[in-house]
Amino acid sequence: MTAAFVAGADAPTEVPLKRRLKRAERARQFKALALVLPLLLFLLFTFLGPIAGMLWHSVDDWEVPKTLPHTVAALSDWNGKDLPDEKAFAALAGDLQAARAAGTVAIPSKRLNYVVNGFRSTLASTARNLKTVPEPGTAKDTLIAINPAWGDRATWAAIKGASGPLTSFYLLGALDLTRNLDGAIVAAPAEQAIYRDVFARTFTIGFGVTVLCLILGFPVAYLLANLPAGRSNLLMIFVLLPFWTSLLVRTCAWIVLLQSEGVVNDGLRWLGVIDEPLRLIYNRFGVYVAMTHVLLPFMILPLYSTMKAISPAYMRAAASLGASPVTAFRRIYLPQTLPGVGAGSLLVFILAIGYYITPALVGGAADQMISYFIAFYTTETVNWGLASALGAVLLLATLLLAVVYGKLVHGQQVTGGMKN
Amino acid sequence: MMDGGMVGTTQALVRFVGVQKTYDGEHLVVKNLDLDIRKGEFVTLLGPSGSGKTTTLMMLAGFEVPTHGEIFIADRPIKNMPPHKRDIGMVFQNYALFPHLTIEENVAFPLTVRGTAKAEVTERVRNALRMIKLENLAHRRPGQLSGGQQQRVALARALVFNPQLVLMDEPLGALDKRLREHMQLEIKQLHEQMGITVVYVTHDQGEALTMSDRIAVFNDGIVQQIDKPDALYEQPVNSFVANFIGENNVLSGTVENIEQGFCRVALASGGSVVAQAVNVQGPGAATALSVRPERIVIVPDGASTDLANRLPATVQDTIYLGDHALAVLKVAGNGEFMVKLPPGAHAGLGHGQAVSIAFRPEDCRALDPV
């Protein structure tokens, strides 16, 4: 009786059943959403918002269109081969006078000076010397007379290139690239091409620190995971101890230890190992030491949690099946720690390539990483475009790494249990 | 230990000689263990948790070192031999299949670490997987298999390199009852087909009785009795074994006299019983009588019986169990006295009814007092 009823009700209600399930699930989903909503909003304002802003700044080109609007309009159909026509000169003269009256000449000057060195003074002198609006038809001669730079195609190409609304100028600049007069992408002049080196240095230091952390952290994590609970807790406190001290204090402690009159050098000299103090700081060595020290816990903790989950039964099984301790470690233990190695390395590497304070304090001029330049452009020269572009490239590199890691880990994992 | 040359003539594959083990230097987990295991034998170490059975197995596998004494495998002392050189296959309670390797790679592991030729590895792995009927899952990972399948893989992995000895540490503990019973038969068949020597640890007496040639009952670090399953059940040598293996009825009393292997025991509540004198000190000593539930008959009040021992009893309860029934009686102060009845025979018994029970002296064993 019951079976017949169920069978009869089954077929026609298949779709409504799904709908009913969805309705039942909805309340739960709302509850889950409500729980994460505060964090989501927080992240939106403090993380996603700024990142979107940074990405926007790296392509935004507002200075010239805003302050020289007529010039930009007049140049819109310029072919770029010869000098622009009289109309453009007249528009520029008008725009400059308006800008001078409004006191905004400095805004396009700064932007255009990135492209052509000395553009700032060209604009300033032109604005200053342009007493009246030139007679119709004489604008070209008047401007060239004031500053011969206006007779140069490159000057106008710079204005056209900066006429917005979006630009690839900063992003290309962050990769040591630029556009030539014809708009083709070429390598930047050697004296400006520093960022590839800086990125390479950043990644080298990041990689070096990651490897050092792995070498130093792996045995510690192994010990932590295999000690009896009491002693491993004590050791864990030592691992976490650095987190209780500020980053700045720890970095300064390294300066005290490593400087030429520092503890290490004095100790070595007292022991008679060296006569002259070793140069241990304000160079790459100091950067590696201090950064490895700061980042070591970020390697140990993921390794520890992975190793803790590896049952000692696996090593016993391997031994009972005839594997020597070395073979068992290499073929059974090590592969199972790889997710932890990956997570720890990714974490340390990503943190390391974003480091600013530590290399700034214990590194030399040749050890400054990309963050130093980002900070330099935001606080010293207020070149938001280039700072954002450098940040965007760094972000892209980090994302790429995360994707690669995700693929690797996904490949490791077992997909879907099938039981029968 | 000095007679290493002489034991070559014995049949024993594994010999424990005076083995002791302590972890804390105060308590012995294993006390003076002497145990011989013959080639081709299936020996189960049975006992409650903490009885020393797993420690014994771990010493044999090489994961624990005896504090005193020596263990021989094929007449070679192995106390200082690392586990991977002992040529012992082991099946663990939680299978311990390597999660990052496929089933095929797991089974091939003991062969590849021994540097076996590739073609031979393939051949033997295929045979091993065929033996456990899992050839079609060769490329799965352990996480994708059910508990029973994982256990079979662990078995294949422990057997594929033809070890001289296979150890199993409660291998079926994580499986459900039906699967466990099925796997018991499967392991038993494998043992018989391949003629391997197996040392099996369990706390499940049913499992031990089903599979073993001999069972060593452990308690408190001592082997209480080592015997064939039927002997262990029918002829327990002490109260621990009688109580640990199967259902047992205990009656406490005092020995009055001993004569030709039988003794008369006065029960504390009055009355007396004739029993086999198995483990009694002598006249006047306390003893615990052991009678199996199926060796007792219930005699209606007033009826006569030719069984020598007859005691008054009161029915407490009857339990229907399908293929048989149990009557719970109060006999000589023991309120949990079980009598096994054929199905249907419990119908005439009601709570509080006065009956008599009777059993043969041969079926009643006077053992050490509990």
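What radius of gyration does chain A have, and what would a compact globule of 420 residues have? Chain A comes out at 32 Å, while such a globule would sit near 22 Å. Keep in mind as you look around that this is a predicted model.

**Stop 1: chain A as a whole**

Show it as a cartoon and you'll be looking at 20 helices and two strands. Of its 420 residues, 30% count as buried. Contacts are worth a thought too: among those between residues at least 6 apart in sequence, 68% join residues at least 24 apart.

Now colour chain A by domain. The domain assignment gives domain 1 (2-48), domain 2 (63-165) and domain 3 (195-412). Pick out domain 1 and domain 3 of chain A: their centres, taken over C-alpha atoms, are separated by 43 Å.

**Stop 2: a loop in chain A**

Zoom in on Pro228(A). You'll find this proline in the loop between helix 11 (195-226) and helix 12 (229-240) of chain A.

**Stop 3: where the chains meet**

Bring chain B back into view and look at the contact between the chains. It takes 23 residues from chain B and 20 residues from chain A. On the chain B side, highlight strand 6 (88-91) and helix 2 (103-112), the elements that give two or more residues to the side touching chain A. Strand 6 of chain B gives the most, with three residues. Colour that side of chain B by residue type and you get 13 nonpolar, seven polar and three charged.

**Stop 4: chain B and its sheet**

Next, select chain B alone. Its domain assignment gives domain 1 (2-234) and domain 2 (248-367), and the C-alpha centres of the two lie 40 Å apart.

Look for the open sheet in chain B, where four strands run in the order 2-1-4-5 with antiparallel pairing. Strand 2 (28-38) and strand 5 (76-77) of chain B stand at the edges with a single partner strand each, so one side of each is left without a neighbour in the sheet. What holds strands together in general? Strands of a sheet pair through backbone hydrogen bonds. For a close-up, pick strand 1 (residues 12-22) of chain B, which pairs with strand 2 of chain B over seven bridges in the antiparallel sense. Find Ala12(B) and look across: Arg38(B) in strand 2 of chain B stands opposite.

**Stop 5: the nonpolar cores**

Last stop, the inside. The largest nonpolar core has 115 residues, and Leu167(B), Val199(B), Ala216(B) and Ile357(B) touch the most other members. Helix 4 (residues 147-159) of chain B gives the most to this core, with six residues. A second, separate core of 46 residues includes Ala174(A), Met291(A), Phe373(A) and Leu390(A).

Leaving aside neighbours within four places in sequence, Ala216(B) is in contact with Leu35(B), Val43(B), Leu45(B), Leu46(B), Val223(B) and Ile226(B).

Conventions:
Residues numbered from 1 in each chain as written. Chains lettered and ligands numbered in written order. Predicted model: local features only at pLDDT ≥ 70, side-chain atom pairs only at ≥ 80, totals over all residues. Contact = placed C-beta atoms within 7 Å. Nonpolar A, V, L, I, M, F, W, Y, C, P; charged D, E, K, R; others polar. Domains from an automatic or database assignment. Rg over C-alpha atoms; globule rule 2.2 N^0.38 Å. Buried ≥ 20, exposed ≤ 12 C-beta atoms within 10 Å, placed from the backbone. Pairing = 2+ DSSP bridges. Core = buried A, V, L, I, M, F, W, Y, C linked by C-beta atoms within 7 Å.
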